[in-house]
Amino acid sequence: MKKNDIFEIEITGTTDDGDGVGRMDGMAVFVPYALLGEKVRGIIVKVMKSYAFGKLLEVIEPSPYRIKAECEYFYKCGGCRFWNTEYEKELEYKTQKVKDCLARLGKISAEVKDVIGCSEARGYRNKGQFPVSKDGIGIYAQNSHRVIDMNRCIIQGAENPKVLAAVRKWMKQYSVSPYDEETGKGLIRHIYTRNGDSGCVVAIVATSEKLPFAEELVEILKAEVNGLSGVLLNINSKKTNVVLGKKFVTLWGEDHIIDSIGDLKFRISPLSFYQVNKKQTKVLYDKVKEFANLSGKEIVWDLYCGIGTIGQYLANDAKKVVGIEVVPEAIQNAKENMKLNSIENAEYYCGTAEEMAPRLKDKKPDVVILDPPRKGCEESLLKTVARTGVKKIVYVSCKPSTLARDLRILEDLGYRTEIVQPVDMFPRTPHVECCVRLCRE
Ligand code: SAH
């Protein structure tokens, strides 16, 4: 097999990234946008030792679940993977992905429930980050840093096209320069948006603290964006792929959003993590509540607590909540959110979970919540948790492969994975969230 070979194969699987996969000459061939069960014709674009990448040229026998993609950027963007697939098949894929990861990578035999789907696959994202370059404002082309000019991302909120249009207009009118990743020259790098009940906060990420025509920018955004509640400047002068710098300057309005989940309100600063799909967040947190099954007497550790959401969602049913989080702004929000929600039985510590948890000796937990970022937990943290002898752990994960690894570690430390509930927080993308209950054997 070599580059530019034409192939015809049957798609027999779907990868972790949502790509179709078939076999030829004893090798796996990955074909983005080809669906399970299809017969396709493609061209080999890259050959590795035991696998190859192909580009889809023609669907010879289409899947009955293939649909016309609604998003005009779908085949260029790479953020979503399933706009060409009936949603029910996407859900099947997500459940299966979790089952496969847990069984193969973690040798976990617990029951995996069917994923809980999301009733709305459009407009669910409350956070956007849009790269800016000389080619426009929008999205990166798949596997590259070339910017494709874009009007509307369907999974984003309705105000986003207006934000993009307003910034475009301002840059054009006042000849404000876009950043150039290669030379490091130019001013505007990204547009970052956050939406909540309180409105929409727009941050312009620029290389310098001196933003020309800042007042004009605010006026244009105010005129064009309904529900605008704040305009911020974020300064990022480093040569890096990280979108946000550490420093924000408020140009107008609020520097945070307020959003609600159930009866609770949360103040969220731009550097603090917040789930991107509000509707499904409630579904997820209700699962956490169900799995934690509190009686009012428990001490609950909320590790990787962010702005305190999960712990505060449980606080009424617990004796005490102890949160740990590494981002200082998030811990500050968590403390503010205690006041917003009249919660008095929570306390927060800023630092890494692996460093701080061993210091909580006098607060022996009855339930531990783990909600780490994609890379999962440090093994040392899992050992600390096990050493407390805690009977119940609820693990919330946004990445099945690291979840599988961590569940294996916890099982080897004496816990049993009882039940796994996937939740679709990210419709149309290959990502899936899981809520897991473990108990001490
Ligand atoms: N439970 C929260 C946040 C989950 S996201 C919610 O539901 O909204 C994961 C969080 O872990 C982020 O806020 C991130 O800043 C934090 N984090 C990342 N590494 C960490 C570490 N080593 N120790 C503690 N917190 C960490």
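I take helices (H or I, at least four residues) and strands (E, at least two) as DSSP runs, numbered from the N terminus. I am working on a predicted model, in which local features need pLDDT of at least 70 and side-chain atom pairs count only at pLDDT 80 or more, while totals for chains, interfaces and linings use all residues. Residues are numbered from 1 along each chain as its sequence is written, and side-chain values use heavy atoms, with hydrogens and water left out.

**Entry 1: domains**

I looked up the division of the protein chain and noted domain 1 (6–66), domain 2 (92–119 + 277–440) and domain 3 (127–261), with bounds that come from an automatic or database domain assignment. For domain 2 and domain 3 I noted a separation of 32 Å between centres, taken over C-alpha atoms. Their contact (heavy atoms within 4.5 Å) draws seven residues from domain 2 and six residues from domain 3.

**Entry 2: the interface of domain 2 and domain 3**

I next looked up the buried area, which is the accessible area (1.4 Å probe) that two parts lose on being put together, summed over both. Domain 2 and domain 3 bury about 490 Å² between them, and 70% of this lies on carbon and sulfur atoms. On the side of domain 2, the residues that lose the most area to domain 3 are K278, Y313 and L340, which together make up 60% of what that side buries.

Across this interface I found two salt bridges, a salt bridge being a side-chain nitrogen of Lys or Arg within 4 Å of a carboxyl oxygen of Asp or Glu. I also looked up the salt bridge of D259 with K278, where the closest N and O atoms are 3.1 Å apart. Helix 5 (residues 278–292) gives the most to the side of domain 2 that touches domain 3, namely four residues.

**Entry 3: salt bridges elsewhere**

I recorded 32 salt bridges in the structure. In one of them the side chains of R66 and E38 meet at 2.7 Å, N to O; R66 lies in the loop between strand 6 (51–61) and helix 1, and E38 in the loop between strand 4 (27–31) and strand 5 (39–47), so the pair ties together parts that are 28 residues apart in sequence. For burial I use relative accessible area (1.4 Å probe, protein chains only), with buried under 20%, exposed over 50% and partly exposed in between. By this rule R66 is partly exposed at 22%, whereas E38 is buried at 0%.

Within helix 5, K282 and D286 stand four residues apart, about one turn of the helix, and form a salt bridge whose closest N and O atoms are 2.9 Å apart. K282 is partly exposed at 33%, and D286 is partly exposed at 29%.

**Entry 4: R81**

I then asked where R81 lies, and found R81 in the loop between helix 1 (74–77) and helix 2 (87–106). Is R81 buried or exposed? R81 counts as buried, at 7% relative accessibility.

I looked up its polar contacts (N or O atoms within 3.5 Å, one able to donate a hydrogen and the other to accept it, with residues adjacent in sequence counted only if both atoms are side-chain atoms). The side chain of R81 makes one of 3.3 Å with the side chain of Y33 and one of 3.3 Å with the side chain of Q142. Leaving aside neighbours within four places in sequence, R81 is in contact with residues including D17, F74 and R428.
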